[in-house]
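Have the sequence and the 3D view ready.

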Amino acid sequence: VKALEELSQLFSQRTSQQLAALMPAWISAMNRLSVDNDRRVREIMYQSMVPLVQNLQKSLAPSVKPLFPSWWLNCYDHQREVSRAAQNAFSLAFPPHRTFQVLQFCRTEFLARVTENLNHNV
């Protein structure tokens with residue numbers, strides 16, 4: 001939790017070029033953290049995405065497909081704090097009128113993740 005809070009500060013202090021270089025590592029970490037059992041970890045992870053999204057803006061585009069499945073699923077997390085944090089970061093990245101376009105763009109990755117989750121739980 002402390003490391004994620006520090007990461008949030010780092011995200012707000014770096015340039016978009018520096019943050020773009022960090023994205024492959026962040027994608028991997030985010031996808032693992034998005035299923036962490038600790039609600040606070042998931043919540044703070046999405047809170048830390050706010051400065052990341054704000055600084056990257058359109059530079060986030062190449063990372064959308066690998067980020068989307070976990071991000072979208074956590075927008076509907078059973079813990080209200082997690083879903084609010086994920087939705088807040090998502091709405092900063094994608095205005096409401098673009099949500100359907102993002103869903104269409106990432107549908108293959110999303111369906112693959114859902115299928116993987118369902119097969120894993122069988």
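Start with Lys2 and Glu6, whose side chains join in a salt bridge, with N and O 4.0 Å apart; the term stands for a side-chain nitrogen of Lys or Arg within 4 Å of a carboxyl oxygen of Asp or Glu. Both residues belong to helix α1 (residues 2–13), where they sit four residues apart, about one turn of the helix. Helices here are DSSP runs of H or I with at least four residues, numbered from the N terminus. Lys2 is exposed at 56% relative accessibility, while Glu6 is partly exposed at 44%. For these words, buried means under 20% relative accessible area, exposed means over 50%, and partly exposed lies in between (1.4 Å probe, protein chains only).

A word on the background: this is a predicted model, in which local features need pLDDT of at least 70 and side-chain atom pairs count only at pLDDT 80 or more, while totals for chains, interfaces and linings use all residues. Residues are numbered from 1 along each chain as its sequence is written, and side-chain values use heavy atoms, leaving out hydrogens and water.

The structure has five salt bridges. Another of them links Arg40 to Asp38, with the closest N and O atoms 3.0 Å apart. Arg40 is partly exposed at 44%, and Asp38 is partly exposed at 24%.

Next, look at Arg42 and Asp77, a salt bridge whose closest N and O atoms are 3.0 Å apart. Arg42 lies in helix α3 (residues 39–56) and Asp77 in the loop between α4 (64–74) and α5 (80–93), so this pair ties together parts 35 residues apart in sequence. Arg42 is buried at 5% relative accessible area, and Asp77 is buried at 13%.

Technical notes
Helix = DSSP H or I, 4+ residues; strand = E, 2+ residues; numbered from the N terminus.
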